[in-house]
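Please look over the sequence and the model shown here before reading on. The report is meant to be read with both in view.

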Amino acid sequence: MIHRTKVINARRAASAASAHSNNSHLPCPSPSLSSTSIGTPTSDCNYQDFGFDFCNSSNSDCGSLEDNAPKSPYAVGPLFPSVSAPPAQPDTNLRALGMNYFLVNYVVPRSAPCPGKLNYSLDLLNDPLQDTVLVEVAIHAVGLAGVASMTNASSLMYKARLSYTEALTRVHAALSDPRKTKNNSTLFAALILSMFETITCSSDASVEAYRNHVDGIANLLMLRGAEQFDSAIGSQIFAEAFSHVIILQSHYGRSVSPRLRLLRRVMEEKFAQKAPSWFLSSVHIDVMDLMRAVNPDHETPFLRDEWTTLLSQAVQLDRRLEHLFTTLPKGWEFQTVHDPSCDPRIAWHGTYHVYSNAWVGKVWDAMRACRIILQEAIFCLLSREGQEWAPQQLAPGGANADLLQESVEVSMELRNDILASVPYMLGFVQQDGNIVLSSLVPASGPSSAIWYLHLAGRLPFNTEEMKNWIVDRLRAIRSITGIQKAGYLAESVRSYSAVQGPGLPTNGF
């Protein structure tokens, strides 16, 4: 076993947590300025002229989700540690305000085994060979949007959208210059501006704008070619941007382009040692190819000659991931804590994990999500194809008699592990395993947790109690971090009705 199970009598948090219960969810601000109203294009933003598919935000405001959900036993307030943030009343130096918020909440320093995230931001800001103004304006837009969303300050959101539009204008200008197109600063700005859509997301149009950003990032990665790996920063930006691309492609059921795969192999050859996250993304690419072939949305059998081969591939990929995460190096293990006295709003049924850092927790959750998608493929192939072409294999004593039920049971176990990771990712858990209610937590941990919570929340075998808990946690993230996509995804989970088709509905990931 890779993780140790230990029962810890964590501090009783219920009485302290009640002090938080009267905090109301912060309403989403409705700024008076939209990206359209300041004269910037919406869907036809001229990136296409350069072979890209970027798009600026289509939000006229950052929305507020109507809450028609029945009150769950957990929805008594946004129980959450304080996010690392500047004061609600900002000083007059808005540039410094946005910059500081971004650096504190989204830049993760390198600390083994974590390679760091956006920790090259200050290097780009001080590199005379890069467009430092573009870098600064993009960071300011995202940082100020975070402050505005978190503090319900419409005037700050107005300023954030001005910076967002200015950054987009500068990206357009960079794309018209062959030299600047390949600059690290151009790719960095595109990556940062996609975060703006996550922070301000309030509708399907916001999700589409994010998709356009990431599609444009993929095009930029291909255009930059192998020379982007000549510098450490170029390699790290590629790895971080590629993670956005692979999640987006997974969501839309698309495969990674051959050009991007080739570039990834070129990068791989430059590094002797590979982290578990690298091997995970390699498997994820194969999983996406498999899912495209299986096509769980297709309701009737159509793989008479291929289904057994695809089933074998799915099982092998699942075993490969399972083996990888039971043979991890030191620093990747986690501890499971069972504390029945823990506040139920913090930990689902009193169970939570302790990781060495949030990066490790994120990679574990990414593995769990990948394996859940594989269980969908296995379930679909057996229930749709197997029942049609080889029903005897699913009969008692048949070759695949137990595999169908096993795919559901494994999905439930992986889902439970995702829920157990949430208290740590949201900053409640100290390294000694105790629960703490008053620590500062950067927004980077909760921002990654929302995707896995959403995936877990849309599985068809969830109880209503579990679904309400997941919705409550997503709304808490939205209220305290200002990440509006958490609220958007909470609504998606709340309104989801499981209608059992040929596969488990993991396309929400």
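## Basis of the model

This is a predicted model, in which local features need pLDDT of at least 70 and side-chain atom pairs count only at pLDDT 80 or more, whereas totals for chains, interfaces and linings use all residues. Residues are numbered from 1 along each chain as its sequence is written, and side-chain values use heavy atoms, with hydrogens and water left out.

## The chain as a whole

The protein chain has 17 helices and 5 strands; these are DSSP runs, numbered from the N terminus, with helices (H or I) of at least four residues and strands (E) of at least two. Of its 509 residues, 58% count as buried, where buried means under 20% relative accessible area, exposed means over 50%, and partly exposed lies in between (1.4 Å probe, protein chains only).

A contact here means heavy atoms within 4.5 Å. Among contacts in the protein chain between residues at least 6 apart in sequence, 78% join residues at least 24 apart.

The expected span of a helix is 1.5 Å times one less than its number of residues. For the 13 residues of H2 this should give 18 Å, and the end C-alpha atoms of H2 are 18 Å apart, which agrees. The buried residues of H2 are Leu97, Gly98, Met99, Tyr101, Phe102, Asn105 and Tyr106. Valine 104, which is also found in H2 (residues 94–106), counts as partly exposed at 45% relative accessibility. The C-alpha atoms of valine 104 and valine 441 are 9.4 Å apart in space, although the two residues are 337 apart in sequence.

Helix H11 (residues 276–294), with 19 residues, reaches 26 Å between its first and last C-alpha, close to the expected 27 Å. Just after H11, asparagine 295 takes a positive phi of about 50°.

## Helix H15 and its two partners

Axes are lines fitted to C-alpha atoms, for helices over the stretch in contact, and angles run from 0 to 180 degrees between N-to-C directions. Helix H14 (residues 403–425) and helix H15 (residues 444–457) pack at an angle of about 155°, with their axes 10 Å apart. That angle makes H14 roughly antiparallel to H15, given that angles under 35 degrees count as roughly parallel, over 145 as roughly antiparallel, 65 to 115 as roughly perpendicular and the rest as oblique. H14 passes H15 in a left-handed crossing, a term used if the near helix is turned anticlockwise from the far one by less than a right angle, with right-handed used if clockwise. On the H14 side, Arg415, Ile418, Leu419, Val422 and Met425 meet residues of H15 that include Gly445, Pro446, Ser448, Tyr452 and Leu453.

The axes of helix H13 (residues 358–389) and H15 come within 10 Å and cross at roughly 25°, and H13 and H15 are therefore roughly parallel to each other. H13 also passes H15 in a left-handed crossing. The contact is made by Lys362, Asp365, Ala366, Ala369 and Ile372 of H13 and by Ser448, Tyr452 and Leu455 of H15.

Glutamate 385 lies in helix H13 and counts as buried, at 0% relative accessibility. Its side chain makes polar contacts, that is, pairs of N or O atoms within 3.5 Å; within protein, one atom must be able to donate a hydrogen and the other to accept it, and residues adjacent in sequence count only if both atoms are side-chain atoms. The side chain of glutamate 385 reaches the backbone nitrogen of phenylalanine 302 at 3.2 Å, and the backbone nitrogen of leucine 303 lies 3.1 Å from a polar atom of that side chain. Not counting residues up to four places away in sequence, glutamate 385 touches several residues, among them Thr300, Pro301, Arg304, Trp307 and Cys380.

Serine 206, found in helix H8 (residues 204–224), is buried, with a relative accessible area of 0%. The side chain of serine 206 reaches the backbone nitrogen of serine 202 at 3.2 Å.
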